[in-house]
Amino acid sequence: MPTVTVPDKPLIAVLGPTGSGKSALALEIAARFDGEIVNCDSLQLYRGFDIGTAKTPTAERRGIPHHLFDILEADEICTAGDYARMARDVLREISGRNRIPVVAGGTGFYVRALLEGLFEGPARDPVLRNNLAEREQRRPGVLHRALSRFDPAAAGRIHPNDTNKLIRALEVYLAAGEPMSQLFERGRDSLSGYTPFKIVLDPPRPELQYKLNQRCLGMLEAGIIQEVSWLLVSGVSGESKPLESIGYKETLLFLNGEMPLADAVALMQRDTRRYAKRQLTWFRREKDAHWLSGFGTDEAIVSSALNMLVKYTQNLK
């Protein structure tokens with residue numbers, strides 16, 4: 001009997017830096033191609049964190065199903081591996097309804113984990129992790145310098161201030177005796193059964209920076225101070241992971257009396273611009289990505305994306 005080849009299922013990913021219009025473009029794509037949106041923003045997983053994460057309000061979702069939003073409490077941790085497992089389950093459910101999953105977000109490591117998989121690294125060692133954290137506290141920068149010697153590839157992908165990721169990379173190296181980057185390449189469990197089409201939004205830098213500055217001001221007008229105050233009153237710890245993120249940590253500094261509001265806003269704007277730059281650096285390493293030089297709200301960008309996707313979906317049939 002001849003072998004029957006089952007075509008891969010479609011999967012669309014809308015990626016890019018914060019403020020580039022990913023959510024808007026994802027909505028247009030989902031509406032045009034009978035899709036459902038799957039969140040790939042690590043902070044939009046959390047309930048109650050709406051303004052600072054620019055979460056699309058339910059009333060503006062146009063009746064299109066949205067998945068993996070508001071599923072965690074502030075004290076819960078979601079690793080990239082956790083996200084990949086949850087998201088793959090959602091992808092299967094969406095495809096089972098003969099609809100197209102539209103993954104949208106800017107957390108590059110989550111995208112990589114979803115599409116390419118992660119390796120099963122050594123178990124966490126609380127004693128070692130505490131020792132590494134104490135060393136970093138005594139001598140800021142020591143972990144990144146050490147990782148640069150042991151695993152330059154990993155050090156190049158991890159920001160010097162991202163202590164959690166630095167600790168994990170060093171923990172893996174010390175436990176396994178070889179760099180995490182090498183283990184990662186050997187042990188990944190890539191997503192099967194799908195042919196992803198990745199779109200990366202890349203607005204002109206001056207326009208993006210201006211928009212991000214205005215976005216921070218808009219968050220104030222929308223009530224981020226009240227949102228953070230409510231979270232604290234409701235019992236969320238000021239040391240919870242979501243409150244350590246950009247937008248929330250600066251607001252918390254103001255509320256705690258550690259910084260005037262004007263300084264907190266300026267810091268928020270600076271950190272947001274820097275984060276957008278890091279996101280673009282990450283996405284430039286994405287293979288087979290289709291880059292669009294504009295915002296996801298631009299008519300020309302929407303038209304270009306839809307035209308590309310018409311050909312993509314036709315080729316899968």
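**Cavity lining and aromatic pairs**

Trainee: Which helix supplies the largest share of the lining of the largest cavity?

Mentor: That largest share is 4 residues. This is a predicted model, numbered from 1 along each chain as its sequence is written, where local features need pLDDT of at least 70, while totals for chains, interfaces and linings use all residues. On a 1 Å grid over the protein atoms alone, a cavity is a set of points where a 1.4 Å probe fits but cannot get out, and lining residues have an atom within 4 Å of a point. Among helices (DSSP runs of H or I, at least four residues, numbered from the N terminus), H11 (248–255) and H12 (261–283) each supply at least two lining residues, with the largest share from H12.

Trainee: How many residues of that lining are nonpolar?

Mentor: The lining includes Leu220, Glu250, Thr251 and Phe254. Ala, Val, Leu, Ile, Met, Phe, Trp, Tyr, Cys and Pro count as nonpolar, Asp, Glu, Lys and Arg as charged, and the others, Gly among them, as polar. That gives 1 charged, 1 polar and, for nonpolar, 7.

Trainee: Why does Tyr248 count as buried?

Mentor: Buried means under 20% relative accessible area, exposed over 50%, and partly exposed in between (1.4 Å probe, protein chains only). Tyr248 is buried because its relative accessible area is 0%.

Trainee: What is the angle between the planes of Phe109 and Trp282?

Mentor: Side-chain values use heavy atoms, without hydrogens or water, and atom pairs count at pLDDT 80 or more. Rings of Phe, Tyr and Trp (its six-membered ring) pair if their centres lie within 6.5 Å; planes under 30 degrees apart are stacked, over 60 edge-to-face and the rest tilted. Here, Phe109 and Trp282 are edge-to-face, 6.2 Å centre to centre, with planes at 80°.

How values were computed. 1 Å grid on protein atoms, 1.4 Å probe; cavity = no way out; pocket = protein on both sides within 12 Å on 5 of 7 lines; lining within 4 Å.
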